[in-house]
Number of protein chains: 2
Amino acid sequence: VSSSDAESPIVLAPSAAARPIGAKELRVLGEVGSHWSDAVGERGDWVDALPVDPGLVPRHPRELSPTRFGRFARLDPGQVEASVAASVGESLAAQVAHRLRGLVLGPPLASTAVVQERMRKLIALPVLSSDALSSVAYGPEALMVVLVLGGSGALGLSLPIAAALVVLMIAVGLSYRQTVRAYPRGGGSYIVASDGLGHLPGLFAAAGLMLDYILTVAVSVASGVAAVTSAVPSLHDEAVPIGLAVIALLLAGNLRGVRQSGFMFAAPTYLFLVAMLALIVTGLFDAAGRGFEPSPAPAIPAAEGAGLFLALRAFGSGATAMTGIEAISDGIPAFRSVEWRNARTTLTVMITLLVATFAGTMLLVHLEGVVPVSSETMLSQLGHHAFGTGPMYVYLQVATALVLLFAANTAFSDFPRLLFFLARDSNAPHAFLHMGDRLAFTHGLTLLAVVAGVLFVGFGGSTEALIPLFAVGVFLAFTLSQAGMVAHWLRTRKRGWRRSLTFNAVGCALSALVFLVVGATKFTEGAWVVALLIPSIVLMLLATHRHYGRVRKATALRTPPRNPKRGAIVPHGAGARQPLVAEAEEAPDQLQPLCVVPVSELDLPNLRALAYAASLRQPTLAVHVCPDPQDTERFLAEWKAWGDHLPLEIISSPYRALVPPLAHYIRALRSQKPELTITVVMSDLEVPHLWQRPLHERSGERIRRALRSEPNTVITVVPFHLASTSVGADGPPRHAADGTQKSRPPADDRDPALVDY
Amino acid sequence: VSSSDAESPIVLAPSAAARPIGAKELRVLGEVGSHWSDAVGERGDWVDALPVDPGLVPRHPRELSPTRFGRFARLDPGQVEASVAASVGESLAAQVAHRLRGLVLGPPLASTAVVQERMRKLIALPVLSSDALSSVAYGPEALMVVLVLGGSGALGLSLPIAAALVVLMIAVGLSYRQTVRAYPRGGGSYIVASDGLGHLPGLFAAAGLMLDYILTVAVSVASGVAAVTSAVPSLHDEAVPIGLAVIALLLAGNLRGVRQSGFMFAAPTYLFLVAMLALIVTGLFDAAGRGFEPSPAPAIPAAEGAGLFLALRAFGSGATAMTGIEAISDGIPAFRSVEWRNARTTLTVMITLLVATFAGTMLLVHLEGVVPVSSETMLSQLGHHAFGTGPMYVYLQVATALVLLFAANTAFSDFPRLLFFLARDSNAPHAFLHMGDRLAFTHGLTLLAVVAGVLFVGFGGSTEALIPLFAVGVFLAFTLSQAGMVAHWLRTRKRGWRRSLTFNAVGCALSALVFLVVGATKFTEGAWVVALLIPSIVLMLLATHRHYGRVRKATALRTPPRNPKRGAIVPHGAGARQPLVAEAEEAPDQLQPLCVVPVSELDLPNLRALAYAASLRQPTLAVHVCPDPQDTERFLAEWKAWGDHLPLEIISSPYRALVPPLAHYIRALRSQKPELTITVVMSDLEVPHLWQRPLHERSGERIRRALRSEPNTVITVVPFHLASTSVGADGPPRHAADGTQKSRPPADDRDPALVDY
């Protein structure tokens, strides 16, 4: 949980999750290290023993630099820097993928290219409020869709409900003004709720927000596509593919890491605002010509009673117009100095614009007698009423579609950042900490696009069906965020805290009310899904947090014991079981090694594994698992012919199993001496082509899997590459030490797997 | 390729593929070993160094034997034997699978349970000829189905075509009598063709036979199901599921490894023979009552002209009645002594019975005027004519269904054996050499069942559609087998070779004729599939053979070089590339080691990897890949606090990649000294639950994959188990050497992955 008052902006880098080095930990490290001192001797000896120069400096003038491909640059002594070329896999597939990504996403960016963007208010306003302002495109419609269920008689409720929403907008806006002041480094709901209320409420706020972002993408895209299909009805059947293409485009654009500031991102919001202003003014003029007499709405039969319940449901649906309000409090670091002050001004302007466009739209809807129909959005109907089918109408629709697209884009920048914060606090997989090669949070972006895409397709690209899911998560996050602010003021009691607390408390109470209303009235329509999802997400986050906590505890360094009796034999108790040895940070001289080499036959790969094992100079035991009794003699004869240099044990396996007997045998060995560190040295034949894999047993892989859960069992694989050796298979081995044999055609060191033989 | 005259039966054990130890290879082994002598010192020292007893003898009276679960029995010194318990994996999944298999398939059988079954002629006849005799159930029908295309006028051709087929049967039968004598150890088409004609013809024969066996299963099951649905028409729509169930049953039965001899397996064939005899005799009596006047067949309009082409096609379809003839020559070792003589007598009896039932059936078809209809088999129609709907009819249908089932079973015993021989000669994956725990060739059986099942479903369970695919493969194998015999006689010129050669040559010529006729006339009906499949299979077998040959060559031991200059520096040429070092059987003292330890942070798992690496006493270099420049300092501070015991190189990775820079760095190190054996020592965190895997980077796995193609790069994984260490995570490490700390609850040594924490 971050502290709220440090003035430096929050760093979005993987190191954010690294635990700070405490004095205690450094002390433990020192103690562990002092234990090593007598074990490993002088560091200088180790440096002298290195057969190569780790700094990659060529030792011979004729020798070409190992960095000849420009893969590494030398920095300070003890440091080299990897270039782009060294950051791409060696395989052909990796290289091709790298090229393709480069074409689509642009060349990789170095970490130093991260810049904190600073925006003028005039840019920040449209960029950060496209989500909130674009909600006007679907909020009023969502409200009216519910209201018409009550028939023509219920339409009269639209203005009072709109008035209530305006009050709510102002209250929440005032409340967020306090947040901006209190969290000048940026205060998203997750941070504020965690900080003020604790871990669990923070996770609930995060879960609500995650759903909110996902639904923002789905609803904004659905709504934007509806703006297009309202203008061009022939595209109506293509809504789902168009929407998916838009989501894919948003994903690609965000993976490319486009800059959020700049005129291009500001334009759509202003275009939309101008269009809305023109619409409302034209509409009001028309209405003024009629003496503000409302046009009669078409007669609609009542599907249900126009009671309080209907009004509350309409209110809940209309509340979706408030989504996106928190974007500014989230993005404070993006403002120019003094950040929080500029952000607060921008917030006020945004709320004003939101109230104006929302109230204006609702008024027009009332005056023009417009009701929702399935083939055309209400905004499009109002446009037709005001502008006919001329260029102004087209402009309105284009601006609406654009602003909705950019609203979805807001979610694409906020969702990965939320996951970053969750991962930083070990609530979400640490993979979400990593930035891809374009400095975008690849995993979070992809997750958002996939889930939103599935949701969009699952609901048939319909705004209406998605709305009931929407508001619950938003208002849960609003409520918790503002409750967190209340707690914050009560705790800090900074100057002016009473006034701020009042604003926040009102905002919190109203948000909580809306949350309850929406949850209750929309429960059967879809809110139950959210009611299941949010706790499930919270449980997943909690389980993740718990797991990381345990891992950190288990892997943390501990003070080594005072006087370990080296090599002392463990007295075996009466029970059949011995305690497992903890895999602790033994100093090198404390390890009690045993090398086990499974040998299937005495061929080149296996002899190489034996040679490697013997070169380790640990106690070594060769093991031959023999499924065929008639084969034992042949193997023993070969072993004797070779010279019987190492201890050999034959495991006869009359049931023809190969891997389980070996695993059990290693367990049996360990049960004699539990403190052993057993190294299993295996040869592994690497074939150059995929189709050749099934032709070999790959028992190495199976042994590795069987021994994965064995404590203190080190697996060592000595590879044998077919491609690089079969070339000279006829002649004597080409020892590089033998200077006379270097005329062989130069082997490509790029990828032996690609060398065809 | 096996020699033909050894009298011992062919052993069906994996060791059959092991190359015999040649004197030259033993000499090479000795030379390699002598090279080791000075490198590794006395064997006795190695034995004394072992910290455990490889024979698993407890060293202390109070110590419990490591074989306490009955997992190992001690044999001679240097050998232990794995019990059933030690042949089953340790994991819960493996244990459950083992129990389930035990229920379905019975307990595992030891290799010593393989017995060569010996059968009396009276048992061998029905067991080995169920495939051939049951062909009468679909051969005549296949013939007539083609003939009726020519309309009623063409039906008169049925008797001449049948007569030609009888001649063919006798010729092929006489030809196989020669094979039986020449190959007393068993002479399947693959063996005979390989032996007589060479590798490629052998593979063609094998490919033809493989198709034959697969089609036998599909056709026999389809035909058996047709016998059932003819009697019980209400089951007609369930033909495909019934057939699949039968195939599954056959697979399960064969995986269980049921004995092929015994009355149960003999009964169906005899029942069927009795039924056919009764049918033919009754039918001829009826016909005699009419003065052998044929009943008029229903008038059928001609779909095409009744010319030579139609007759040839009908002949080709009818030839499917000859499938299964080679079973006896294949199964000679199963006869009692003198095997080949008994087999030859049995073959003669079988051919006689086949000719009798086939000719009788065709005669009845002609006399009764029966023609094929889709809802009822011809045999069922003949049964109705002869027996009405009484018990004799039911008996006929049951016997037919049973014999067809057992005919399919013949394919289940022959197909895996063919694959075994192919694998023994390295033409097929060596996996087909292995017997499962019930001594059945699991892989071959499963392959057959799956392919036949797919084929059966793909053709909708219809015999008619499968027939055109059938005969081509069979007659290809017949032709090649008999051509192989001709070559055999020409080469060996044993007593009576001229007569045998004549029989084989006639059989071969006729078979070749039929092969060409069938291939040509059925080409468009489906034989083209076979014409594509057989060469494809042969190409696969050839590629496999070629691959194994190269592997054997590449992995064979080579005489070590005379005077390797140890440690001599390779002069670097002017070119940018250096030759790769062959991964040869260096003696342990020839390895030039370097240990590289990627360290992500200084926690317990990584320190353990460092300790392990340092304990190897090889030149060691720690490497820290740092994607975040701000993190470098923190890491360096920790490294210094620990004591800076080992050389450390920091790879700054501004493009945030972790694995590729490491792989490139290791390549750059190697390019300084190509003869290095680089050991990459990595820690790996093993989490107990599957869902926890995505929470960790598992960079170990990725590093392993990235370095897989690197020559001379050994991968060593030092595991760190969460489950077994987190228990005592708070206290000091529980060194087993510290005798005071053994009161901790006994850890279950069964499977730490199952221990919940």
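Begin by selecting S426(B), which counts as buried because its relative accessibility is 11%, where buried means under 20% relative accessible area, exposed over 50% and partly exposed in between, with a 1.4 Å probe and protein chains only. This is a predicted model, in which local features need pLDDT of at least 70 and side-chain atom pairs count only at pLDDT 80 or more, while totals for chains, interfaces and linings use all residues. Residues are numbered from 1 along each chain as its sequence is written, chains are lettered from A and ligands numbered from 1 in the order in which they are written, and side-chain values use heavy atoms, with hydrogens and water left out.

Stay with S426(B), which is found in the loop between α15 (391-424) and α16 (442-458) of chain B, the helices being DSSP runs of H or I with at least four residues, and strands runs of E with at least two, numbered from the N terminus. Leaving aside residues up to four places away in sequence, S426(B) touches T544(B), H545(B) and Y548(B), a contact being heavy atoms within 4.5 Å.

Next, show chain A, which has 24 helices and 7 strands, and of whose 757 residues 59% count as buried.

Now select I325(A), one of the residues with the most contacts inside the largest nonpolar core, which has 149 residues; such a core is a set of buried Ala, Val, Leu, Ile, Met, Phe, Trp, Tyr and Cys residues joined through side-chain atoms within 4.5 Å. Among the residues that I325(A) touches, not counting those up to four places away in sequence, are V172(A), L347(A) and F478(A). Finally, select A266(B) and F470(B), which are included in a second, separate core of 148 residues.
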